Amino acid sequence: MATAVELDPRDRLTHWWRLRTHAERAAVVAGAALAIAALAWLLVWLPMQADIARLTRELAVQRAALAQARVQADAIGGLERRTPPPMREPRAALDLALAQSGIKASAIDRTGDDLRVTIDGISFDALTILLESLQRDAALRAVDLTAAARVESGMVRAEFTLRR
């Protein structure tokens with residue numbers, strides 16, 4: 001009576017391979033090569049092509065951002081080369097800015113190096129323009145600002161402190 005010998009998986013595979021004809025072996029090798037190529041195409045080539053397309057799109061965006069950053073850096077460099085505004089007495093610079101803007105201050109008090117300004121009625125837009133021009137032209141910065149809404153639309157009562 002014949003007894004069945006239990007083979008380990010490697011021996012079984014070797015035995016199975018030896019039982020195949022040359023044509024069958026070639027077909028199995030070709031099928032395995034085709035499966036490996038398909039897996040490589042799916043798992044390597046397609047993701048790589050998608051990444052190349054994505055990176056190409058991102059490159060255009062990043063180049064535009066770089067160009068804008070260079071323009072801004074040039075603008076910053078231009079600010080450094082700009083001559084500083086002439087140093088006027090702070091009160092004279094404030095009076096000049098108010099006169100140029102057509103704004104009348106209710107009160108201007110000097111406390112040390114600070115100027116405390118009160119304007120009873122000014123549009124908020126005109127206030128921001130005034131403060132920006134004082135900072136740009138006279139190097140006076142608002143260090144404290146209180147703006148209370150008035151009945152008229154867009155108008156405020158402004159109290160602010162300027163300092164050099």
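1. Two strands pair if DSSP finds at least two bridges between them. Helices (H or I, at least four residues) and strands (E, at least two) are DSSP runs, numbered from the N terminus. In strand 4, Glu159 is the bridge partner of Thr146.

2. The model is predicted: local features need pLDDT of at least 70, side-chain atom pairs count only at pLDDT 80 or more, and totals for chains, interfaces and linings use all residues. Residues are numbered from 1 along each chain as its sequence is written, and side-chain values use heavy atoms, leaving out hydrogens and water.

3. Strand 3 pairs with strand 4 (residues 155-163) over eight bridges, in the antiparallel sense.

4. Axes are lines fitted to C-alpha atoms, for helices over the stretch in contact (heavy atoms within 4.5 Å). Angles run from 0 to 180 degrees between N-to-C directions.

5. How do helix 3 and helix 4 (residues 124-138) cross? Their axes come within 10 Å and cross at roughly 135°. The two helices are therefore oblique to each other. Angles under 35 degrees count as roughly parallel, over 145 as roughly antiparallel, 65 to 115 as roughly perpendicular and the rest as oblique.
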